[in-house]
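Welcome! Take a moment to look over the sequence and the fold, and then let us walk through a few places together.

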Amino acid sequence: GVVVNTTNNEDVSNAINLHGSEDESGWNQMLPNATLVLLPTVLAGIGKHGQMMCEGDCALHRSSQLFSFRSYLLRNILYPNYESISKQLPAGYITFSLPGGSSRPHEVSFFENIIPIAKDLYGEEKVKVVDMAKLPTFQEEAHLAMNTAVFFANHGGGSSTSIFLPWGSSVFLYAAGAHAKYKDGAWIDIGKKVHLDSIFYATSSYIRPTWIHENERDDVVRIAKMLQSEYKRTMESWIERGIHTNDGQIQD
């Protein structure tokens, strides 16, 4: 639920700067008297670009706005060590986010058929298989994502870790079984409008989404080839931005 006990609008505007000011004095402070703030349909602090269901002209410049919001979140999650952590070279992991505790256990994928192939291609150290819900701290989840080049997740809440991926990273999204289908260029839930994930990933731009439908999950040859292609694209994107992995390698 939502627990917001503050009624002072000045406190809110001071803590969340809507105009992109460089003043970060309030970034690492909770709102006065606020225990928890839950905003299910927006990303607070980035105006119209914060609308998760944003389409058309509203989506212009959305990637830079969302990436700025990523930095805002990381500054707070990793405080007071964000500056030093953000300067570290990324490891370039292939990370599989297991759907432990999923509300649709018979529809999600646990990636059993592609994980061994990824390990054969890139080695045990490069491949991370993690149930994010079981990590001791949120800081560990964010830090793992910051070091990830290619991220595998099921669509839905379990894919939200991807917001912390570095610019130019790739995410493979496994559509959840019979309750999702592809129509008119977007993923939808049966009986509902376009799925939230579809719009978010279509307009975030700083990460590259690849959707895998239920009937495509067993085509491991195709998925392996796409994994190799996406990993290489991520490495090339990072090098263009002056970023190298901590082992200095590009793997084909």
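Let us begin with Ser 159, which, leaving aside its neighbours within four places in sequence, is in contact with Phe 151, Ala 153, Asn 154, Leu 173, Asp 197 and Tyr 201 (contact means heavy atoms within 4.5 Å). Ser 159 lies in the loop between strand 5 (148–154) and strand 6 (169–174). Its relative accessibility is 2%, so Ser 159 counts as buried (under 20% relative accessible area, with exposed over 50% and partly exposed in between, using a 1.4 Å probe and protein chains only).

A word on what you are viewing: this is a predicted model, where local features need pLDDT of at least 70 and side-chain atom pairs count only at pLDDT 80 or more, while totals for chains, interfaces and linings use all residues. Residues are numbered from 1 along each chain as its sequence is written, and side-chain values use heavy atoms, leaving out hydrogens and water.

Helices (H or I, at least four residues) and strands (E, at least two) are DSSP runs, numbered from the N terminus. In helix 4 (residues 115–122), the buried residues are Ile 115, Ala 118 and Tyr 122. They cover an arc of only 60° around the axis, which puts them on the same side of helix 4; the arc is that of the directions from the helix axis to the C-beta atoms. Their cover includes strand 3 (93–97), strand 4 (127–130) and helix 7 (220–240). Just after helix 4, Gly 123 takes a positive phi of about 90°.
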